[in-house]
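The structure comes first, and the account of its packing follows.

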Amino acid sequence: MFTKSRLLDLREDISKAADRINLHVRKTPLEYSPWLSDIGKSKVYVKLESEQMTGSFKLRGAFNKLLTLKESNDEVFLTDGVITASTGNHGAATAYASSKVGTPVAIYVPKTTSSAKLKVVKQFGGTVKFHGEDCVEAEVTARSAAKESGMHFVSPYNDLVVVAGQGTIGVEIFEDLADVDAVFVSVGGGGLIGGIAAYLKSVKDAIKVTFDLCKYLVDEWILVSEEEIRKAVYQFMENHHKIVEGAAGVAIAAYLKEHERFQGQNVVIISCGANITMKRLKEVILQCD
């Protein structure tokens, strides 16, 4: 059960994480959006984690986890490195962070992983291990390998050290826009929204941020369709001249769908990543033109 006391502890962890990873990640822009502001008759800002190194917010959690292990002088970590499982942003982030921290990483992926995703992981120095036909099988195997070897498994979301790293986005938002009223965040495993909400709700409880941590902190959920996501990605390119991935499109689409309820407010939308394939990007353009 997540409590108010634990929330304050997590805020402290997030503040420490911000100091820890400061020299290793970008403080991404909080960009004002005339387009979205005009549509909703509000002041809308986009937090461009899509311009983070490796192209997503995942780098924050990966760096916080690895640097925390390094600070503890963990012998297994220092000699053998870490294990993780991912077919996308988390794998690339962990590989990049590992190369900078100076420790090896083994990344378990399904046999069906696209060559484009493998290329990104390998270029940052990760060792790829194939197992299973989907992400679940790969993760189960990776966790088992970590347990048997005594190595650390770096979860993309189910780890409060990783969550604290993602929560540093909340620190930056509050530094740049202390009077923020609402934040739109796409949800996968919950680490991103959990971290951001944990910090922002601890410093300003009235902020609305749209499972234990998420159940305690998130005010409401908005569902969007594939078509709405596709249109949001296209319209963001058209109006901001920036490329974002589908997960970022989710948060943009949610605001576009519910903008009338946020009239007159200061709204932040998290653009969580930009790692979209050229094939998918072409499909979006063809379907929306």
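## Helices α11 and α12

Helix α11 (residues 226–240) packs against α12 at an angle of about 95 degrees, their axes being 7 Å apart, and the two helices are therefore roughly perpendicular to each other. The class follows from the angle, since under 35 degrees counts as roughly parallel, over 145 as roughly antiparallel, 65 to 115 as roughly perpendicular and the rest as oblique. Axes are lines fitted to C-alpha atoms, for helices over the stretch in contact, and the angles run from 0 to 180 degrees between N-to-C directions. Helices (H or I, at least four residues) and strands (E, at least two) are DSSP runs, numbered from the N terminus.

On the α11 side the contact (heavy atoms within 4.5 Å) is made by E228, I229, A232, V233, Q235 and F236, and on the α12 side by G246, G249, V250, I252, A253, L256 and K257. By class, this contact of α11 with α12 has 8 nonpolar, 3 polar and 2 charged residues; Ala, Val, Leu, Ile, Met, Phe, Trp, Tyr, Cys and Pro count as nonpolar, Asp, Glu, Lys and Arg as charged, and the others, Gly among them, as polar.

## Basis of the model

This is a predicted model, in which local features need pLDDT of at least 70 and side-chain atom pairs count only at pLDDT 80 or more, while totals for chains, interfaces and linings use all residues. Residues are numbered from 1 along each chain as its sequence is written, and side-chain values use heavy atoms, with hydrogens and water left out.

## The mixed sheet

Five strands form an open sheet with mixed pairing, in the order β1-β2-β9-β7-β8, where two strands pair if DSSP finds at least two bridges between them. The edge strands, β1 (30–32) and β8 (208–209), each pair on one side only. β1 runs antiparallel to strand β2 (residues 43–48), with 3 bridges between them, and Y32 has Y45 of β2 as its bridge partner.

Helix α12 (residues 246–258) also belongs to this part of the picture, as it lies across β2, β7 (182–184) and β9 (266–271) and runs at about 155 degrees to β9.

## The parallel sheet

An open sheet of 4 strands has parallel pairing and the order β5-β4-β3-β6. β5 (127–130) and β6 (152–153) stand at its edges with a single partner strand each, so one side of each is left without a neighbour in the sheet.

Strand β4 (residues 105–109) pairs with β5 in the parallel sense over 4 bridges, and V109 stands opposite F130 in β5. Across β4 and β5 lies helix α6 (residues 115–123), which runs at about 140 degrees to β5.

## Helix α8 and its two partners

Helix α8 (residues 160–176) packs with helix α9 (residues 191–203) at an angle of about 45 degrees, with 7 Å between the axes, which makes α8 oblique to α9. The crossing of α8 past α9 is right-handed, a crossing being left-handed if the near helix is turned anticlockwise from the far one by less than a right angle, and right-handed if clockwise. Among the residues making the contact are V163, G167 and F174 of α8 and L192, I196 and Y199 of α9; by class it has 9 nonpolar, 6 polar and no charged residues.

Helix α3 (residues 58–71) packs with α8 at about 125 degrees, the axes again lying 7 Å apart, and the two are therefore oblique to each other. Here K58, R60, G61, N64, K65 and T68 in α3 meet V161, V162, A164, G165, Q166, T168, I169 and E172 in α8, and these residues divide into 4 nonpolar, 6 polar and 4 charged.
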